[in-house]
Amino acid sequence: MPATVKRFSAVADPHEIHQYLKADGVVVIEGAATQHTIDSVIDEVGPISEGQTFALAGKSMTFATSLLMNPLYIDLTKRILTDTCIIYYENERTVSTSDPQVSQTSIITAQPGSAAWGLRRQDECHHITHPAKREADIGIAYAATDITAKTGAIRVVIGSNNWTDLRDPTEKEEYLVELRKGDALLWLGSTYFGQTANTSTTQTSILLSAIATAGFRRQEENQYLAIPWEVAEKYPTEVQRFLGYSVSRPYGGSVEHMEPLDFLKVKGNWSKYIPVDLI
């Protein structure tokens, strides 16, 4: 019997979803977002060009504060991407924790007649050897329209997260995922994915996506330039930290040995700064 992508409800147990993600590399969350939330994002963004529009977290506050911070997605990013290490300093050993961060956010738009885009692995920018000893990326893509075989179904290769780099995917191994508006695809960076052509003559397909990576890796999209601070400073602290304005313990991303948000608050003035342990 051919493999199929497992579907879960938005209130499913994150532990069970995690197990299927590890095995298959991809799952679908039905009803991950309300249609009202999706429409709010589209309204905030305004006219959308064909192809990929980047820095979505800076173009829609609703996306940044709601869809990006989806509790299920945040739970899974922490399960998959959080890493710890043992730090030795002056006869003491301390556990340092590196939390996940945003790597990229974007809108993927396929107008009628748009060509397919080929299978790829999201983690390619992180120079991963497969099968990955440690996942580098996990993505979520919300359907902002119905995603069908005609408008551009999502191409995935189930279980390819467990393949070596010497194995190439074939057309027979692809599984086409269709989504209803508000559903979301979750996939690991080591899983092959793509999108079929939009053969419709009238319907556009839109996906709202976010990719997270480990806190100690370089972001695929430079969040500090892609999203101006004048925009990011209006967001809740938890969003700012997820965008990268926090230290990946120990020390990674600090400014004058400060937490980035602390540095911004005191404008780099040490006299106003209360030191914190960055380990």
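I began with strand β8 (residues 137-143), which runs antiparallel to β11 and is joined to it by five bridges. At this spot Gly139 has Trp187 of β11 standing opposite. I note that this is a predicted model, in which local features need pLDDT of at least 70 and side-chain atom pairs count only at pLDDT 80 or more, while totals for chains, interfaces and linings use all residues. Residues are numbered from 1 along each chain as its sequence is written, and side-chain values use heavy atoms, with hydrogens and water left out.

I needed the terms before going on: strands (E, at least two residues) and helices (H or I, at least four) are DSSP runs numbered from the N terminus, and two strands pair if DSSP finds at least two bridges between them. Strands of a sheet pair through backbone hydrogen bonds, either parallel or antiparallel. I then traced an open sheet of seven strands with mixed pairing, in the order β1-β2-β11-β8-β13-β6-β3. Because β1 (7-9) and β3 stand at the edges with a single partner strand each, one side of each is left without a neighbour in the sheet. From one strand to the next the twist averages 25 degrees.

**Entry on the helices against this sheet.** Helix α1 (residues 14-24) packs on the sheet and touches β1, β2 (26-30), β8 and β11, and its direction makes about 145 degrees with that of β2. Helix α2 (residues 35-45) also packs on the sheet, where it touches β6, β8 and β13, and its direction makes about 95 degrees with that of β13. For these entries contact means heavy atoms within 4.5 Å, and angles run from 0 to 180 degrees between N-to-C directions, with axes fitted as lines to C-alpha atoms, for helices over the stretch in contact.

**Entry on a salt bridge.** I looked up charged pairs next, taking a salt bridge as a side-chain nitrogen of Lys or Arg within 4 Å of a carboxyl oxygen of Asp or Glu. The structure holds ten salt bridges. In one of them the side chains of Glu30 and Arg7 meet at 3.4 Å, N to O. This pair links distant parts of the chain, since Glu30 is in strand β2 and Arg7 in strand β1, 23 residues apart.

**Entry on the four-stranded sheet.** A further open sheet has four strands in the order β7-β12-β9-β10, and its pairing is antiparallel. Its edge strands are β7 and β10 (175-177), each of which pairs on one side only. Between β7 and β12 I found three bridges in the antiparallel sense. Which residue of β12 is the bridge partner of Trp117? The partner is Gln195.

On a 1 Å grid over the protein atoms alone, a cavity is a set of points where a 1.4 Å probe fits but cannot get out, and a pocket is an open set with protein on both sides within 12 Å along at least five of seven lines; lining residues have an atom within 4 Å of a point. Grid points are joined across faces, edges and corners, and a volume is the space filled by probe spheres set on the points.

The largest pocket has a volume of about 500 Å³. It is lined by 26 residues, of which Asp99, Pro100, Gln101, Arg241 and Ser246 are the closest to its centre.

The second largest pocket has a volume of about 220 Å³. Of its 18 lining residues, the closest to the centre are Gly51, Gln52, Ile108, Trp117 and Gln195. Strand β6 gives the most to this lining, with four residues.

The volume of the largest cavity is about 40 Å³, and the residues that line it include Ile108, Trp117, Trp187 and Gly194.

Most residues other than glycine have a negative phi, and most peptide bonds are trans. A cis peptide bond joins His130 and Pro131, with omega about 0 degrees, and Pro131 lies in the loop between β7 and β8. Another cis peptide bond joins Arg249 and Pro250, with omega about -5 degrees, and Pro250 has its place in the loop between α8 and α9 (260-266). Asn91 has a positive phi, near 65 degrees, and this residue is in the loop between β4 (83-89) and β5 (92-98).
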